[in-house]
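Visitor: I have a chain open on screen and would like to go through it. Can you take my questions as they come?

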Amino acid sequence: RESDHRAWTPVTYTVTRQNATVQGLIQGKAYFFRIAAENIIGMGPFTETTKEILIRDPITVPDRPEDLEVKAVTKNSVTLTWNPPKYNGGSDITMYVLESRLIGKDKFHKVTKEKMLDRKFTVEGLKEGDTYEFRVSACNIVGQGKPSFCTKPITCKDEIAPPTLDLDFRDKLIVRVGEAFSLTGRYSGKPAPKVTWLKDDIVVKEDDRIKIQTTPATLCLGIVKSVREDTGRYCVTVENSTGSRKGFCQVHVVDRPSPPVGPVIFDEVFKDHMVVSWKPPLDDGGSEITNYIIEKKDTHKDLWMPVTSATVKTTCKIPKLLEGREYQIRIYAENLYGISDPLISDEMKAKDRFRVPDAPEQPIIKDVTKDSAVVVWNKPYDGGKPITNYIVEKKETMATRWVKATKDPIFPGTKFKVPDLLEGCQYEFRVSAENEIGVGDPSPPSKPIFARDPIAKPSPPVNPEAVDKTKNSVDLSWQPPRHDGNGKIIGYLVEFQKVGDEEWKQANLTADSCPETNYRVTGLTEGLTYKFRVKAVNAAGESDPAHVPDPVEVKDRLEPPELILDANMAREQHVKAGDTLRLSAVIKGVPFPKVTWKKEDHEVSPKADIEVTGVGSKLEIRNTVHEDGGMYSLTVENPAGSKTVSVKVVVLDKPGPPRNLNISDVRSDSCYITWMEPEDDGGSVITNYVVERKDVASAQWVAISSSSKKRSHMAKYLMEGTQYLFRVAAENQYGRGPYVETLKPIKAIDPLHPPGPPKNLHHVDVDKTEVSLVWNRPDRDGGAEITGYLVEYQEDGADEWTKFQTVPMLDCVVTGL
C-alpha cells in the first residue's frame, strides 16, 4: 500500500519462491509491503515492513574518469586534463580528486583542492628531475569512485621544441567585395608559441568584421563582408623562446570601379557632334580598367542610346547629333569585376561652339572729306575664338562690287580712315571680322555719304507762321532756309514754349520726322498761349531758330458744318431687295461736327452699320428688305451751325398678295374670279397676275392664267359637281409675290332659282265644306325638278293665307272649309 493510503493492494498469489518483483510502482512515492504464507489449510498471518520504502533508482559511486592526459610539463609543474566517467552512479558528480605518486614510493597523495569540478588541473610545486604518475577519481553523493588508469611516469623538466607552421593559404588571394575569406593553418612548438597577425606591418585588431581564432594547434584570421580596404600583405608570426616562423599572403579585395571623375568636359561642340573628356576613377576596384562605356540622351526623351563601349581612352567623340537639341552624356568604367556607377554630364546643346565672328552692326561714318572718311564700328561676338583682323570694304552706291579699303590687317582698333575716295562720289562702307575659323558675314552697309569736304550748318528757315489751329493743336508753315550750308536739309526741328515759361519743348524729336516745310504741333492745352520756333538741320547740325512772330492762343477755329454728298445720296436711291444699301457724304467743319442718321425722323434700324471718320460718314445696310425703304436723313452739327440732307430710298422687291379675292357666277362648267391689286407693289409696276386652281381631292395646283393684266378672270372648263380652290399672285419685274387663296371650296353647279307660278288654277267641284282644284305646270322650273305644290286658302276679307297641304300632283281637294 502507498504510505498515505490505508488500503492494501494484492501483488500476486502465485509466488512459490522466497522473493518477488513488484511492478507498476510510481517513482518518488513511498510504499509499505507485507507477505503471508499459504498452505492447503489456509493463509497464515502477514509480516509487514517496519518502515516505508521510497521508490527510486539505486545509487552507486561513479565509474572511473576517462582519458586522463598530460597536456604540459615544466620543471616544477604538470598540467593534466580528463573526461567525466561514462556513468555517474545515479547521482551528479560533486567533485574530482586528483592524486600523484612519486616513483619509488607506495602511496598516492591528493593534490586537488576541495570541491574541484574542473577537469583540468596544473600540479605545481614539483621537484625538477623527479618522476611522477597521476590518477583521478570522481565523487558523488554516495562517495568516491574508482580511480582512473594511471598516467605514464612523467619527469619534471622543461620541454623545448622550435615552432612549426603549416599554412592552408597560398601567397596570393583574390576576393570579391562583400565576400568572406579566412587565412588558416596549424602550428606547434614548446613552450607554446605566441601567434601574431599583421597587415602591412600593422597589428590586426578584432572588430565586428575581423575575427582571430587561435587554439593550441590551429590559427585562423577570418574577415566577413570584405571591403576594398582589406586589400594588403598579411603576415602571421609564430614565436617561442626557441625561434619564430612567418607566413605571408597578399590579399586583393577586388570590386567594380568607382565612377569616372567628373565633370565631363565638352572639349569641342558642333551642330552634329561633340568631343568629351573625363578623368579615370579614383578607385579602379583593384583591377585595371578594361574600357569605358559611353551613352548619350536627348533631354527631350527618356532613352539612353549607346555611343561606344570599346574605348580605353578618357576622351570620346559623340556623333550623330541633331542641331539645336540638348544632350546629356553618361560614362561608366568597366574592369574584370563589373561596371561602375555612371558619371552624368550637364546638358549641352548641339551647336557650333566655335564659328566665324558675327557680322558687326552697321558702321558709322565720321570726318568725311573730299577724299577720305573714317569708318567706326562696334566689336561683334567673336564666335568663341579671338578676333584677329577686321576687313573694311567700300563701294560706290550705284556699283555692285565691294573693294577692300586696305590689304593691311586692322586690329585691335574698331575704326579706320579710308583713303583714296573720289570727290563727289557717293560711297557705302561695310566691315567683316575674322578669327582663326574664318571670316564672318559683313555688316549692313553704312548710310551713303558723299566724298566732299565738311558742310556748314544751314541758315534759319524763312517766314514761319501759324496757318491753322484747334483746341489742342497748331499748324505751322515756313519756307526753306536761304543757305543749306552745302549740305542737304535733313528736316526741321519744331519747338514750342508756353508764354511765361523759360523752357522750350521739342514738338518732334528728330529732324527726319519733319522733312517738309509744315508741321502740326499737338498735345497743347486749350486756352493757353504758346510761342513757336523752327530750326533747319543738315548733316552739319542745327541752324539758328526762326520764331513765329506772334504768340498763338490755342482754341478751336469755328467753321459751320458742310456736307458734300456722294452720288448715292444725290438723288432717290433704288436698291434691289437682298443687295446692300450704302449712303455716304463728305463732312467738313471746325470743330468736326456731330453726325446723326435718321429714318422717317426715327432711329435707323439696328442692322445698319454707321461709320464716322474725320472726313465723312457712311451708312450701310446689308441684305435689304422692302421695309428698309423710306426717307433717310443725315444731320451734322457743331457750335457754328447744323445742316441736314435727306434721300428717299426705295427697296425694290416682289409685290405683296392681292386683296379681296372673290368668286361669283358659279356654273356647272365655269365661275368668275375677281380681286384687287396688292397694297404693296414692291416699288415696281405689277406686270401680270397668276391664277391657279386645284381640285380639293388633288395635291397639284394648275395654272389657268399667268399673263393677265386684269384683276378678274373667267375660269372655264370646270367639271360639274367637282369642288375647287382658287388662288392668285401678283408679279413685277423682281418676281412673284405671295398667293392669296379662297377660304372655302367652290362646287361647279348651275345656280338654283324658285320655280315659276303654276298656270290655269280653277275649281272643278264645290261642296259646302270642300273645293276640288286643278292647275297646270309652270312655264319654268327654276333649274331643278319640281318636287311638289303648296296649296293655301284665304277667307274672303281676311288678310292672311292659311297653308293647307303640299301635294305632288296637279290637283287637290281642299277640305274643312
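Predicted model: local features only at pLDDT ≥ 70, side-chain atom pairs only at ≥ 80, totals over all residues.

Visitor: Domains, then. Which residues does UniProt annotate as Fibronectin type-III?

Guide: The unreviewed UniProt entry puts that domain label on residues 1-58, 64-159, 259-353, 359-454, 460-557, 657-751 and 757-817.

Visitor: How much helix and strand is in 359-454?

Guide: Residues 359-454 are 0% helix and 33% strand, and the end C-alpha atoms of that span lie 30 Å apart. For residues 757-817 the figures are 0% helix and 48% strand, with 24 Å between the end C-alpha atoms.

Visitor: Cysteines next. How many disulfides are in the whole structure?

Guide: The search finds 0 disulfides.

Visitor: And is Cys514 buried or exposed?

Guide: Cys514 is buried, because its relative accessibility is 2% and the cut-off for buried is under 20%. Cys671 is also buried, at 1% relative accessibility.

Visitor: Salt bridges. How many does the structure hold?

Guide: There are 29 salt bridges in the structure. One of them joins Arg135 and Glu99, with the closest N and O atoms 2.8 Å apart. Arg135 sits in strand E10 and Glu99 in strand E7 (residues 95-102), so the pair links distant parts of the chain, 36 residues apart.

Visitor: How exposed are Arg135 and Glu99?

Guide: Arg135 is partly exposed, with a relative accessible area of 22%. Glu99 counts as buried at 12%.

Visitor: Which residue does Glu495 pair with?

Guide: Glu495 meets Lys535 in a salt bridge, at 3.6 Å from N to O. Glu495 is in strand E39 (residues 489-498) and Lys535 in strand E42 (residues 529-538), and the two are 40 residues apart. Glu495 is buried at 8% relative accessible area, and Lys535 is buried at 12%.

Visitor: Which residues are networked with those two?

Guide: Glu495, Arg533, Lys535 and Glu542 are linked in a network of salt bridges.

Visitor: What about Asp628, what does that side chain meet?

Guide: Asp628 forms a salt bridge with Lys607, at 3.2 Å from N to O. Asp628 lies in the loop between strand E52 (616-621) and E53, while Lys607 lies in the loop between strand E50 (602-603) and strand E51 (609-612), so the pair ties together parts that are 21 residues apart in sequence. Asp628 is buried at 6% relative accessibility, whereas Lys607 is partly exposed at 35%.

Visitor: You mentioned E53. Where is Ser633, and what does Ser633 touch?

Guide: Ser633 is in strand E53 (residues 630-638) and is buried, with a relative accessible area of 11%. Not counting residues up to four places away in sequence, Ser633 touches Thr596, Trp597, Lys598, Thr644, Val645 and Ser646.

Visitor: Switching to the surface. Which residues form a nonpolar patch?

Guide: Ile59, Val61, Ile141 and Val142 form one, with about 330 Å² of accessible area together. Val142 belongs to the loop between strand E10 (131-139) and strand E11 (154-155), and Val142 is partly exposed at 45%.

Visitor: Backbone now. Which residues does a cis peptide bond join?

Guide: A cis bond joins Gly262 and Pro263, with omega about 0°, and Pro263 lies in strand E21 (residues 261-269). The bond from Phe411 to Pro412 is cis as well, with omega near 5°; Pro412 is in the loop between strand E33 (403-404) and strand E34 (415-418).

Visitor: What is the phi of Lys320?

Guide: Lys320 has a positive phi of about 55°, although it is not a glycine. Most residues other than glycine have a negative phi. Lys320 is in the loop between strand E25 (315-318) and strand E26 (326-335), and is exposed at 74%.

Visitor: And Tyr717, what is phi there?

Guide: Phi of Tyr717 is near 65°, also positive. Tyr717 is in the loop between strand E59 (712-715) and strand E60 (723-732), and is exposed at 69%.

How values were computed. Residues numbered from 1 in each chain as written. Heavy atoms only, no water. UniProt positions renumbered as here; feature names shortened; annotations may be inferred. Helix = DSSP H or I, 4+ residues; strand = E, 2+ residues; numbered from the N terminus. Disulfide = S-S within 2.5 Å. Buried < 20%, exposed > 50% of the residue type's maximum accessible area, 1.4 Å probe, protein only. Contact = heavy atoms within 4.5 Å. Patch = residues over 30% accessible without salt bridge, like charges linked within 9 Å, V, L, I, M, F, W, Y side chains within 5 Å. Areas by Shrake-Rupley, 256 points an atom, 1.4 Å probe, with all protein chains shown as cover. Salt bridge = Lys/Arg side-chain N within 4 Å of Asp/Glu carboxyl O.
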